[in-house]
Amino acid sequence: MSSRVAHKIILVGAPGAGKGTVAKGLVDRFELTHLSTGDMLRAAVSAGKEVGMLAKTYMDRGALVPDEVMVKLISERVQHSDCRNSDGSPRFLLDGFPRTLPQADALAAEGLAPDLVVFIDVPNEAVVRRLSGRRTCPSCGSVHHIEFAPPLKDGVCDRCGGGLVHRSDDHDATIRKRLDAFAAQTAPLVQRYGSVIEKVDGNQLPEVVLKAAVAVLRKHGNTGQGNI
Ligand code: AP5
Ligand code: MG
């Protein structure tokens, strides 16, 4: 076990690798605030905010939103008290940020370089299948899949009863572009974070992937609830 507890944790993985699914399982077990930049941007779109309208033009075509927009969004968000331990030190689970080397540089410049990066590794063929069948709940953020994690009632969120939607960027042509963006702009982070990275095989059943991720957080000093 590491001598220090890792509280600045980042999930890295291709679109559809299961970052959101794993994050939900981790925050249920460890006291971490889940910051999904994709969810934050989609909330800004729904609220009709200027940053949301700008981001939508990139998201809808499977491109990354400009670094300066994302850095500002996260810099502000991590100041909130739910991203701090009682002694003021940072505590968060980032999902989808950083996604480029300049974003990683910006995080480090703020003294927030991660002490643990969990890389969820899944081959491209598997993620295409996952994304085309994904259904999400805009109300509570729950993620379902018509084949791999079907809701109890068609089109209805198991957690909050809200209506499930098919994300506008979850269509074949856009999925391919998102995968290209991941390979070109995000995959270099795996090398950058070499000293703090832990790879998890994401091409397994969801509960097996979660169990592996839980083991990684425990190895890095986190104590959590539950048996998994
Ligand atoms: P974002 O929302 O972060 O999308 P993403 O990275 O493409 O990842 P996803 O949310 O699509 O997938 P996931 O890994 O969370 O998988 P999930 O758990 O849902 O970003 C969207 C867009 O916002 C970007 O394209 C970009 O434009 C912009 N953006 C965001 N952050 C940015 C940044 N930092 N810089 C610039 N732009 C940014 O699982 C997928 C499906 O598979 C689900 O249906 C799930 O039920 C199923 N599933 C999960 N695990 C398993 C399993 N083990 N086996 C079978 N099925 C599984
Ligand atoms: Mg996600």
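Which loop does Pro98 lie in? In this predicted model, Pro98 sits in the loop that runs between β3 (92–95) and α5. The peptide bond leading from Phe97 to Pro98 is cis, with omega near -5°. Helices (H or I, at least four residues) and strands (E, at least two) are DSSP runs, numbered from the N terminus.

Residues are numbered from 1 along each chain as its sequence is written, and chains are lettered from A and ligands numbered from 1 in the order in which they are written. Local features need pLDDT of at least 70, side-chain atom pairs count only at pLDDT 80 or more, totals for chains, interfaces and linings use all residues, and side-chain values use heavy atoms, with hydrogens and water left out.

Turning to ligand 1, 36 residues surround it (a heavy atom within 4 Å), and the closest are Thr21, Ala63, Arg99, Arg134 and Arg178. At least two residues of this shell come from each of α1 (19–29), α2 (37–46), α6 (124–132), β6 (143–145) and α9 (206–219); α2 gives the most, with four residues. By class, the shell has 16 nonpolar, twelve polar and eight charged residues, where Ala, Val, Leu, Ile, Met, Phe, Trp, Tyr, Cys and Pro count as nonpolar, Asp, Glu, Lys and Arg as charged, and the others, Gly among them, as polar.

Several polar atoms face the ligand. An N or O atom in the side chain of Arg134 is 2.6 Å from an oxygen atom of ligand 1. A polar side-chain atom of Thr37 lies 2.8 Å from a nitrogen atom of ligand 1, and a backbone N or O atom of Val65 lies 3.0 Å from a nitrogen atom of ligand 1. Of the 1,000 Å² of accessible area (Shrake-Rupley method, 1.4 Å probe) that ligand 1 has on its own, the protein covers 96%.

Helix α5 (residues 101–109) also packs against helix α4 (residues 67–77): their axes, lines fitted to C-alpha atoms over the stretch in contact, come within 10 Å and cross at roughly 30°. The contact (heavy atoms within 4.5 Å) is made by Asp67, Met70, Val71 and Ile74 of α4 and Pro102, Gln103, Ala106 and Leu107 of α5.

Note on methods: Axes are lines fitted to C-alpha atoms, for helices over the stretch in contact, and angles run from 0 to 180 degrees between N-to-C directions. A polar contact is a pair of N or O atoms within 3.5 Å; within protein, one must be able to donate a hydrogen and the other to accept it, and residues adjacent in sequence count only if both atoms are side-chain atoms.
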